[in-house]
Amino acid sequence: MTRILIDADGCPVVDLIIKIAKEFQLNVTIFCDTAHQIEREGADTVMVSKGSDAVDFVLVNRLQKGDIVVTQDYGLAAMVLAKSGYAIDQNGRNYTSGNIEQLLFTRHLGQKIRQAGGRTKGPKKRSKEANLEFAEAFRRLCKEILTKS
């Protein structure tokens, strides 16, 4: 059965995910580190010790084929796709085998620019429209996956 796994550190749509998961009767697990204790009714929480990518590795180790992972981390999304999971970001963008390499490359270029002392733009302030777009895309993904099952 498909489950929803949330990379919750910095995820602005946790409550929305739980609400939509209930519509589809899907289990939700929130993954966070001890610096971001996130607990919600209707979801299980897995707390992980602080550390670089610690949450990502625990989440991937618990991932099963067909699970949905909500994350803004391109590296985690790549690992999810490699394990036959589905990955979507907080804005409703689905990570796919067709876009993940370009996203990883863009992230790499941004890191190189910052290491050289340059600046890159940060994310825009979150809007209500972004939540609506996420909800629509997330529902569509859930329906698509459950129809395949």
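Start by selecting Glu136 and Arg140: both sit in helix α5, four residues apart, or about one turn of the helix. In this predicted model, the two form a salt bridge, with 3.4 Å between the closest N and O atoms. Check the surface here too: Glu136 counts as exposed because its relative accessibility is 53%, over the 50% cut-off. Arg140, at 48% relative accessible area, is partly exposed.

Next, show the salt bridges, six in total. Pick Arg3 and Asp67, whose closest N and O atoms are 2.5 Å apart. Arg3 belongs to strand β1 and Asp67 to the loop between α2 (54-62) and β4, so this pair ties together parts that are 64 residues apart in sequence. Are they buried or exposed? Both Arg3 and Asp67 are buried.

Now jump to Asp15 and Arg40, where the side chains meet in another salt bridge at 2.6 Å, N to O. This one also links distant parts of the chain: Asp15 is in helix α1, Arg40 is in the loop between β2 and β3, and 25 residues separate them. Asp15 is partly exposed at 47% relative accessible area, and Arg40 is partly exposed as well, at 34%.

Thr45 lies in strand β3 (residues 44-48) and is partly exposed, with a relative accessibility of 26%. Zoom in on its side chain: a polar atom there lies 2.9 Å from the backbone oxygen of Ile38. Then put a distance line from Thr45 to Ile30; they are 15 residues apart in sequence, yet 4.6 Å apart C-alpha to C-alpha.

From Ile30, step across to Ile6. Not counting residues up to four places away in sequence, Ile6 touches Ile30 as well as Cys11, Val14, Ile17, Val28, Thr29, Phe31, Leu59 and Val70.

Which residues have the most contacts inside the largest nonpolar core? Select Ile4, Ile6, Ile17 and Phe138, within a core of 27 residues. Elements giving two or more residues to this core are β1 (3-7), α1 (14-24), β2 (27-33), β4 (68-70) and α5 (128-148). The largest share, seven residues, comes from α5, the helix where the tour began. Apart from this core lies another, of 17 residues; Leu59, Val69, Leu76 and Leu103 are among them.

Terms used: Residues are numbered from 1 along each chain as its sequence is written. This is a predicted model: local features need pLDDT of at least 70, side-chain atom pairs count only at pLDDT 80 or more; totals for chains, interfaces and linings use all residues. Side-chain values use heavy atoms; hydrogens and water are left out. A nonpolar core is a set of buried Ala, Val, Leu, Ile, Met, Phe, Trp, Tyr and Cys residues joined through side-chain atoms within 4.5 Å. Buried means under 20% relative accessible area, exposed over 50%, partly exposed in between (1.4 Å probe, protein chains only). Contact means heavy atoms within 4.5 Å. A polar contact is a pair of N or O atoms within 3.5 Å; within protein, one must be able to donate a hydrogen and the other to accept it, and residues adjacent in sequence count only if both atoms are side-chain atoms. A salt bridge is a side-chain nitrogen of Lys or Arg within 4 Å of a carboxyl oxygen of Asp or Glu.
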